[in-house]
Amino acid sequence: MNISNVRLFLEVVDAGSLSKVAARRQTVQSHISRQISDFESTFGGALFRRTGRGVALTELGARAALRLRSWLQETERVEEELRAESGKLLGEVRLGVIPSAAHPLMTRLFERLQVEHPGIRLNIAESQGTELDTMLDSGAVDLAILFRFNRPNARDEKLLSVAHTYLVSAPGDEITQGPTVNFSRLSGLRLILPRRPSHWRNALDEAARSQGFKLEPIAEADSLTVQKELVAHSRGLYTVLGPYSITAEIQDGLLQASKLVKPDMIRHVTLAFPKQGKLSPACRVVAEVIQELVESWGNQLTELEPLG
């Protein structure tokens, strides 16, 4: 079986679209479609059915994807182990990260690998926690950096950092001038919050309900950049974010923030590993470098001075 064809098949599975894969590979959709048709012919049946938004797996395709993903991971792991034994570490590491970990952690990780292990290729997917869990469970990523509300105690998850939560505003705002602000102060505020479904949004809504009020945002956005830009340019507008996504803007005077207390909305940043399967040598190196970087920054996701 041609490993490149298997990779293409699984890439289409993850993207759910021939056109997206064609754009990513800088080729025409007809070329991708022809390769997939040739691949399907080896199985004696259709692996995909066309939908209005792209493609979806048939029952045969779902079975093929499950078995071929395991086969590909094992094949790549064996190849990487053999290369590692020869003294040259090579391979792709698919890493899922929450937006807060995108920079500077991913930047410093890439720079370190380029110097010490240039044969390792990073494939980074930025997404929210719920989606990252799904990607990790399905094998779409090898490692994931995500938020947990409880401290991890399992072998397949390592604690990287503990993050408090902040009410964020434009500079000069009276409510966020002090070091802390009670969660109850969010009642009646003009807020921009993450869209549902979201574990984080659910936690915020539940904290408000426990104090007898309801959060009623005037806007919703998953993008941290959108949230921060709207707040920075709209006096009287607020958002609720962790420290790592606002440290640089606070230090540059673009935003102002107070730590939320009563309750203190603490989240744990973890490095999660697959529950099934063995990590490749390249994955183990990437996991080790991530942990070393975070430890060198005082168990923070940033090298900047942490917020109080």
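Buried means under 20% relative accessible area. The model here is predicted.

Q: What makes both faces of strand β13 count as covered?
A: Look at each side in turn. On one side stand R267, V269 and L271, and on the other H268, T270 and A272. Each of these is buried, which means under 20% relative accessible area. So both faces of β13 are covered.

Q: Why is β13 called mostly covered?
A: Strand β13 covers residues 267-272. Six of its six residues are buried.

Q: How do you know that β5 and β13 pair?
A: Pairing needs at least two bridges between the strands. Five bridges join β5 to β13, so the two strands pair. They run antiparallel. Within this pairing, F147 stands opposite V269 in β13.

Q: What makes β6 and β13 a pair?
A: The cut-off is again at least two bridges. Strand β6, residues 157-163, pairs with β13 over six bridges, in the antiparallel sense. Here S161 stands opposite V269 in β13.

Q: Why are the buried residues of α5 said to line one face?
A: These residues are L105, M106, L109 and L113. Seen down the helix axis, they fall within an arc of 90 degrees, so they line one face of α5. An α-helix has 3.6 residues a turn, so residues three or four places apart point the same way.

Q: What do the buried residues of α5 pack against?
A: They pack against β3, β4, β5 and α10.

Terms used
Residues are numbered from 1 along each chain as its sequence is written. This is a predicted model: local features need pLDDT of at least 70, side-chain atom pairs count only at pLDDT 80 or more; totals for chains, interfaces and linings use all residues. Side-chain values use heavy atoms; hydrogens and water are left out. Buried means under 20% relative accessible area, exposed over 50%, partly exposed in between (1.4 Å probe, protein chains only). Helices (H or I, at least four residues) and strands (E, at least two) are DSSP runs, numbered from the N terminus. The arc is that of the directions from the helix axis to the C-beta atoms. Contact means heavy atoms within 4.5 Å.
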